[in-house]
Amino acid sequence: MRRSSFVLTMMAFGYAFLYVPIILLIIYSFNESRLVTVWGGWSTKWYAGLLNNQQMLAAAWLSLRIAALSATFSVVLGTLAGMAMARFGRFRGRTLFGGMITAPLVMPEVITGLSLLLLFVSLEQFIGWPEGRGMTTITIAHITFTMAFVAVIVQSRLISLDESIEEAAMDLGARPAKIFFVITLPIISPAIVSGWLLAFTLSLDDLVIASFVSGPASTTLPMVIFSSVRLGVTPEINALATIIVALVTTGIIVAGVFMARQERIRKLDEQMAASSSA
Amino acid sequence: MGRGLVIAVPYVWLLLFFLIPFAIVLKISFSEAAIAIPPYTALVDWAEETYLTIRLNFGSYLFLLTDSLYAVAYLNSLKIAFVSTVLCLLLGYPMAYGIAKAPQAWRGPLLMLIILPFWTSFLIRVYAWIGILKQEGLLNNFLLWLGVIDAPLQILYTDTSIYIGIVYSYLPFMILPLYATLEKLDDTLLEAAADLGAKPFTAFLSVTLPLSVPGIVAGSLLVFIPAVGEFVIPSLLGGPNTLMIGAVLWNEFFANRDWPVASAVAIALLLFLVVPIMLFQYYQGKQQEAARQ
């Protein structure tokens, strides 16, 4: 029994550790006073300030576009990679392929950022593309490091999946592309949705890699936040954080409800299919 | 044909944007800094169109060895990453264990609460700690109010605040793989141990802990490897005396604009990480195989 109270204490401490800073940010985003530690009464003036901060709004818009683009491409590439790893068994160069998929998960960002920048500089020297750096180079960089996360999610979903449905379809003469779109894709769609969301968030959040591969005209939201934090604390950041937390929490709750319903429908379908075939 | 295409598309992408860039970093680490655009000399020259000359310049690497700054930064990064990993494990293991042993209906929400902070901006969460840790910050005020301390502590801009920042940011990466292994653990093994007279703690040490080693290794490497090269946390929470290699690389590149030395720093850092990264891939593969069975 002693151990279980130890576990409970650690869990309470751990969850408090994770959430107290976020809760404090939200409370202080409504602080009238400029000082983080002095409470000057309730106010929404930092939210108004945020709406007038053109630089931050432009950066947020750029970040959102890059995140949507790179999440979409990384889902396509990551799903293909996850398929190859989970379903194709041995193929030539599989070890290298597996290594290249998992390495970006742990690679320090400074190395990834530096190496991609040097690639873009060399490419520009030799073939004249990309001309300068900006949204295109940031998007390519983000696709590269987020597709690893998508591949791992899709791969583990495929591994835990029963292959017999696909085999049954093959026996009935369905072509591989048809099997993929009619059977495999719907079943792994929760994994693809969460992969897309993860890639989107990772891209939206990335400071280091984007700083390396961005040009003078392309400043992303994390770059603006980083420089304003370094120059001095502005309570507007608290307001921005609160908006992000609110959006993310809503998004996750909606996605959770949606996916739970999809899962129920899928289970029902499988049961009906099983009972009708019996 | 379809099968080949499924492999080829991501394969080519990764070769082009993941593997070749490292070759280029390696190449540039052997060239000399120059006042040019881009700021380094060519490695390969076609002299008189017949002789291929390759000039390897080890200057950047020698520079890393002669200036003690780099050795101090590498060692300091390894130390900070190691301590943070141990702290993450000490906090993350009981949490993962608690979630895995919680009633089935609770596990999903508890796990969701671990992942949720991860979906909000990492930069802003690190920034939140500045307000908590600084001298007139909330933690000092709280401790003063409790009467534990008489004068505010200097926590921000020290190694302690870097540890707090890294553990805080990377804790989910420790908990998720640990949970994945602990959750799959067969409870009948523990029952068997109890039948044989093992006390719960003995059973934990001789059954649960050894069986969770893959999770411990995967989680630790997921924290350790990126933490070695961490740039954002030390530059926001660390002091002027804390030198980490990620920040050194960043300064070499952005402030000194010495691309060959920045590349040499990156290659040396990669060499430090080759063994941990290969270990990570080995255990990752093992986990996938275990999931397959």
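**View 1. Salt bridges across the predicted model.** Searching the whole structure, chains and all, turns up 5 salt bridges. Keep in mind that this is a predicted model. As a reminder of what's behind these pairs, side chains of opposite charge can pair when their charged atoms come close. The next views zoom in on some of them.

**View 2. Arg87(A) and Glu163(A) pair up.** The closest N and O atoms of this salt bridge sit 3.8 Å apart. It links distant parts of the chain: Arg87(A) belongs to helix 3 of chain A, while Glu163(A) is in the loop between helix 6 (135–159) and helix 7 (164–171), 76 residues away. Arg87(A) has a relative accessible area of 18%, so it counts as buried. Glu163(A), at 39%, is partly exposed.

**View 3. Arg87(A) has another partner, Glu166(A).** Here the N to O distance is 3.2 Å. This pair also joins distant stretches, with Glu166(A) in helix 7 of chain A and Arg87(A) in helix 3, 79 residues apart. Both residues are buried.

**View 4. Helix 3 of chain A, end to end.** Just past the helix, Gly89(A) adopts a positive phi of about 60°.

**View 5. Helix 8 of chain A has a bend.** Residues 176–205 make up this helix of 30 residues, yet its end C-alpha atoms are only 37 Å apart, short of the 44 Å a straight helix would reach. Look at Ser189(A), where the helix bends by about 55°. A proline, Pro190(A), follows within four residues.

**View 6. Over in chain B, Glu183(B) meets Arg107(B).** Their side chains form a salt bridge with an N to O distance of 3.8 Å. Glu183(B) lies in helix 7 (residues 159–184) and Arg107(B) in helix 4 (residues 104–119), so the pair ties together parts 76 residues apart in sequence. Glu183(B) is partly exposed at 35% relative accessible area, whereas Arg107(B) is buried at 16%.

**View 7. The setting for that pair: chain B.** This chain has 13 helices and 2 strands. Its radius of gyration is 24 Å, well over the 19 Å the globule rule gives for 293 residues, so chain B is more spread out than a compact globule. Of its 293 residues, 53% count as buried.

Methods. Residues numbered from 1 in each chain as written. Chains lettered and ligands numbered in written order. Predicted model: local features only at pLDDT ≥ 70, side-chain atom pairs only at ≥ 80, totals over all residues. Heavy atoms only, no water. Expected span 1.5 Å × (residues − 1). Bend = angle between axes of the 7 residues up to and from the residue. Rg over C-alpha atoms; globule rule 2.2 N^0.38 Å. Buried < 20%, exposed > 50% of the residue type's maximum accessible area, 1.4 Å probe, protein only. Salt bridge = Lys/Arg side-chain N within 4 Å of Asp/Glu carboxyl O.
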